[in-house]
Amino acid sequence: MDRVVGYRPLTKVLHWSVVIAFAAQFALGYALDASESGRGRGRGRGGGSGRGRGRGGGYEPFGDDAVLTAHVLVGAGIVALGLARLVWRRRAGLPPWAPTLRPFERRFAHRVEGALLLLTFVVPITGAVLLASGDDDLLWLHVLAQLLFLSVLAAHVGLVLKHQVFDRDQLLRRML
């Protein structure tokens, strides 16, 4: 079997740490929306305006909403991991392209990777803007960032799966 030229160990750790952090972040975000303990999360229920994601009177980083606090902390962690990835990538570079990637796939992978790196910052920043503003009318911005992230992630995973399942060229092993 030919040796698979892959990414450096720290690159892999940072990559998979971001994956795990985003999975946790989405789980926490969905838990926030599903929670009955939010006492009127969002636009309010009944006659009141509700607490909203911005908490009306401002967000308390270690207040009584542990899920929201965890969501914010994981978001900050994602930004930190994204910065670490950028710094490490600049320092260590990338391995050569996988020889089985066609020119179109290389261009596609490059654009998708750039979009994922950008969205690693955009998703948490739009969440921070939502909290800082206290204005649930900005929720669409955070949701749009999430949808873009999930769409680009699907394209990334789709390309890897195509090579893993159909081409059987061990592309995935480069990041494992």
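This is a predicted model: local features need pLDDT of at least 70, side-chain atom pairs count only at pLDDT 80 or more; totals for chains, interfaces and linings use all residues.
Visitor: How do you know how the reach of α2 compares with what's expected at 1.5 Å a residue?

Guide: Helix α2 covers residues 66–92, 27 residues in all. From first C-alpha to last, α2 reaches 38 Å, close to the expected 39 Å.

Visitor: Why are α1 and α2 called roughly antiparallel to each other?

Guide: Their axes come within 9 Å and cross at roughly 155 degrees. Angles over 145 degrees count as roughly antiparallel, so α1 and α2 get that label. By class, their contact has 16 nonpolar residues, seven polar and one charged. The crossing of α1 past α2 is left-handed.

Visitor: What makes His 15 a buried residue?

Guide: His 15, which sits in α1, has a relative accessible area of 12%. The cut-off for buried is under 20%, so His 15 qualifies. Leaving out residues up to four places away in sequence, His 15 touches Arg 85, His 156 and Met 175.

Visitor: Which residues of α2 are buried, and what covers them?

Guide: The buried ones are Leu 68, Thr 69, His 71, Gly 75, Ile 78, Gly 82, Trp 88 and Ala 92. Their cover includes α1 (9–34), α3 (103–133) and α4 (139–167).

Note on methods: Residues are numbered from 1 along each chain as its sequence is written. Side-chain values use heavy atoms; hydrogens and water are left out. Helices (H or I, at least four residues) and strands (E, at least two) are DSSP runs, numbered from the N terminus. The expected span of a helix is 1.5 Å times one less than its number of residues. Buried means under 20% relative accessible area, exposed over 50%, partly exposed in between (1.4 Å probe, protein chains only). Contact means heavy atoms within 4.5 Å. Axes are lines fitted to C-alpha atoms, for helices over the stretch in contact, and angles run from 0 to 180 degrees between N-to-C directions. Angles under 35 degrees count as roughly parallel, over 145 as roughly antiparallel, 65 to 115 as roughly perpendicular and the rest as oblique. A crossing is left-handed if the near helix is turned anticlockwise from the far one by less than a right angle, and right-handed if clockwise. Ala, Val, Leu, Ile, Met, Phe, Trp, Tyr, Cys and Pro count as nonpolar, Asp, Glu, Lys and Arg as charged, and the others, Gly among them, as polar.
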